[in-house]
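Thanks for coming. I will take one structure today and walk through it piece by piece. Please look at the sequence and the model first.

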Amino acid sequence: MQLSTQNSFMASSRATRVLSLTRRPFSSSSSSSSSSSSSSSSLKFDAGVSMVQGASRGIGLEFVSSLLFLHSPYSQNFTFLLSYYFAPFIFCLVQVKQLLEKNDKGHVVATCRNPDASTGLAQLKDKFADRLKLLPLDLTVETSIQASASSVRETYGHLNLLINASGILSIPQVLQPETSLNKLEKSALMLTYEINAVGPILVIKHMWPLLKVGGGFGTERSNAVVASLSARVGSIGDNHLGGWHSYRSSKTALNQLTKTAAVEFARKKDPIVCILLHPGTVDTDLSKPFQKNVPKEKLFSKEFSVQKLLSIIDNVKSNDNGKFFAWDGQEIPW
């Protein structure tokens, strides 16, 4: 795929997906309908509710933008819970404003460690006061995750989609990917594990009851979906280069934790499908220090990557539970 292909793709991908998706009748499957009717008394918000964790900027914010834009023609109201921790991405504030304006029914709950310190969120709150709710959420503080879950429960009563998009690779003067075992430090291992693996699984833990209630209600899916952003370098079977010990192992841990949750959800017959997604090498601040040797055709825009990942999410089936997919839909070995 050449870079020019990406540019052509971005010129028409959103319109194409809207047309293709709106051809399908808006209705839940029979299994979804039966589960929805049995739990309708728990649903305070009569529509699909989505949560994007790690979405203040970059890939996470692009997920929110795409969901707001693409789902508005055929879905009812969507709620997006955005949060971040060490989010090393580009803040696409203008794009969010434009997409919020396109859909006057979408509700957004934006979370970060300190919402009062975010000028971008404050500006959006001023303009969309009735549709945007700000909540503090810190991935390293479990009580803040619990508080966010409680707020979503009190306001909406359920969730149908959870996207874990947070992650760290490098922090100036604090963390750098290791090129040799000699450069490995305990502090780097613990920090990347806490943000890339522990935080996301705790979010799944506390959103689980909401996902169980929601299932596929108010969406075109028969199940709720948990999609955690992993990375191909987290694959043990695909590790041929070595290095990046902290980042690799943290993503491997995320894979195992998410897979284990998927097994439990299936055993308990909860209407939830868990998948892991590799977005490719995306042009964000996270990858920028390491783009020198990346061929242009393999460096994706945020828009291109997110559209590919949303296509996987939109078409996920029950038998995809616990699988690890690349941006092109191909399974990645563990």
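Which backbone oxygen does the side chain of N160 reach at 3.0 Å? The backbone oxygen of F217. Before going further, two remarks on the source. This is a predicted model, so to speak of local features requires pLDDT of at least 70, side-chain atom pairs count only at pLDDT 80 or more, and totals for chains, interfaces and linings use all residues. Residues are numbered from 1 along each chain as its sequence is written, and side-chain values use heavy atoms, with hydrogens and water left out.

Back to N160. Its place is in the loop between helix 6 and strand 5; helices (H or I, at least four residues) and strands (E, at least two) are DSSP runs, numbered from the N terminus. N160 has a relative accessible area of 0%, so it is buried. Buried here means under 20% relative accessible area, exposed means over 50%, and partly exposed is in between, with a 1.4 Å probe and protein chains only. A polar atom of the N160 side chain also lies 2.6 Å from the backbone nitrogen of V49. From N160 to K212 the C-alpha distance is 8.4 Å, although the two are 52 residues apart in sequence.

Now the overall numbers. The protein has nine helices and ten strands. Of its 334 residues, 54% are buried. Its accessible surface comes to about 14700 Å², and carbon and sulfur atoms account for 53% of that; the areas come from the Shrake-Rupley method with a 1.4 Å probe, and for residues only the protein chains shown count as cover. Contact means heavy atoms within 4.5 Å. Among contacts between residues at least 6 apart in sequence, 80% join residues at least 24 apart.

Next, N164, which is found in strand 5, residues 161–164. N164 counts as buried because its relative accessibility is 2%. Its side chain makes a polar contact with the side chain of S228, at 3.4 Å. A polar contact is a pair of N or O atoms within 3.5 Å; within protein, one must be able to donate a hydrogen and the other to accept it, and residues adjacent in sequence count only if both atoms are side-chain atoms. Leaving aside residues up to four places away in sequence, N164 touches Q53, P200, V203, I204, A227, S228 and L229.

On to the cores. In soluble globular proteins, nonpolar side chains tend to be buried together. A nonpolar core, as used here, is a set of buried Ala, Val, Leu, Ile, Met, Phe, Trp, Tyr and Cys residues joined through side-chain atoms within 4.5 Å. The largest one has 24 residues, and those with the most contacts inside it are L159, L162, V203, M207, L211, V226 and I272. Two or more residues each come from helix 6 (142–155), helix 7 (186–214), strand 6 (224–229), helix 8 (245–267) and strand 7 (272–278). Helix 7 gives the largest share, seven residues. A second, separate core of 23 residues includes I163, L229, I275 and L277. As for I272, its contacts beyond four places in sequence include W208, L211, K212 and N321.

Charge pairs next. How many salt bridges does a search of the whole structure find? It finds five, a salt bridge being a side-chain nitrogen of Lys or Arg within 4 Å of a carboxyl oxygen of Asp or Glu. One joins the side chains of D270 and K212, at 3.6 Å, N to O. D270 lies in the loop between helix 8 and strand 7 and K212 in helix 7, so this pair ties together parts 58 residues apart in sequence. D270 counts as buried at 8% relative accessibility, while K212, at 45%, counts as partly exposed.

D320, K323 and E331 are linked in a network of salt bridges. D320 meets K323 at 3.7 Å, N to O, and the closest N and O atoms of K323 and E331 are 3.8 Å apart. D320 is buried at 14%, K323 is partly exposed at 24%, and E331 is exposed at 51%.

Last, helix 9. Ten of its 13 residues are buried, so it is largely enclosed by the rest of the structure. Among the buried ones are F304, V306, L309, L310, I312 and I313.
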